[in-house]
Amino acid sequence: MLPEQLMNDDAFTSLPLVAILRGITPEDIIPVATALIAENYKLIEVPLNSPDALTSIRYLVDEFGQKAIVGAGTVTNIVQLESVLTTGARLVVTPNMNPDVIRLASREGCVTLPGVMTPTEAFTALECGASGLKFFPADCVEANYLKALRAVLPANLACLPVGGINANAKQMSEFRQAGANGFGLGSGLYKPGMKIEQIIKNAREYREAWSQSNN
């Protein structure tokens, strides 16, 4: 998916928060994803270092592939990506900037969000076909660093800080003013063993913080 397509996709425009379900199991993926989608989360990833991740991704695709953009995170190499593609995943998120992974995922029509930090990584990722950029790890730099990158990046490109993002309107606002278009949410949203009620509470707090961060 091209950058301008992602920026105009309903799943992104309705709520540009990626739910990162690290550590989730196949037994939990459907009830957790059901709760999140009911809260309007339509970008959901299962990191590959989760237990039996490919099975969870397959369940996710089968149940929600027509309603949301779902797929895999922590995809670091071609072998992993090829396995992910067999599930029908439409979302490929990486912690690194692997040109081969980006090219193949892009050719397969996936929303591809590679992890970048430097201008060289960012522009190389775009040349390889990235749909957007995962600004990672965001908690290691100030929002002004993203602002500096944004000055040279295309305006129609989604940039999503990931790492240490809290359900905090002030934090989100600082990144949005610097040029962020959304965020990836990890352990603040979901941890293994967390009860559905807590996940829903967290999801609502993040959604509210996102809404307030634009004021």
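**Strands, cores and voids**

In β7, G132 and K134 point one way while L133 and F135 point the other, and all are buried (under 20% relative accessible area with a 1.4 Å probe and protein chains only; exposed is over 50%, partly exposed in between). The model is predicted, so local features need pLDDT of at least 70 and side-chain atom pairs count only at pLDDT 80 or more, whereas totals for chains, interfaces and linings use all residues. Residues are numbered from 1 along each chain as its sequence is written, and side-chain values use heavy atoms, with hydrogens and water left out.

Strand β7 covers residues 132–135 and pairs with β6 in the parallel sense over two bridges. Strands here are DSSP runs of E, at least two residues long, numbered from the N terminus, and two of them pair if DSSP finds at least two bridges between them. K134 in β7 is the bridge partner of G115, and F135 in β7 stands opposite V116. The open sheet has three strands in the order β6-β7-β8, with parallel pairing. β6 (115–116) and β8 (158–161) are at the edges with a single partner strand each, so one side of each has no neighbour in the sheet.

The largest nonpolar core has 62 residues, of which L21, L36, Y41, I44, F175 and F183 touch the most other members. Such a core is a set of buried Ala, Val, Leu, Ile, Met, Phe, Trp, Tyr and Cys residues joined through side-chain atoms within 4.5 Å. Apart from this core lies another, of 15 residues, among them V18, I20, I69 and V93.

V18, I20 and V93 also line the largest cavity, along with E45, L113, K134, L160, V162 and G184. On a 1 Å grid over the protein atoms alone, a cavity is a set of points where a 1.4 Å probe fits but cannot get out, while a pocket is an open set with protein on both sides within 12 Å along at least five of seven lines; lining residues have an atom within 4 Å of a point. The search of the whole structure finds one cavity of 30 Å³ or more, and the volume of the largest cavity is about 60 Å³, a volume being the space filled by probe spheres set on points joined across faces, edges and corners.

The largest pocket has a volume of about 270 Å³. Its lining has 21 residues, and I20, R22, V162, G186 and S187 are the closest to the centre.

Definitions and conventions:
Helix = DSSP H or I, 4+ residues; strand = E, 2+ residues; numbered from the N terminus.
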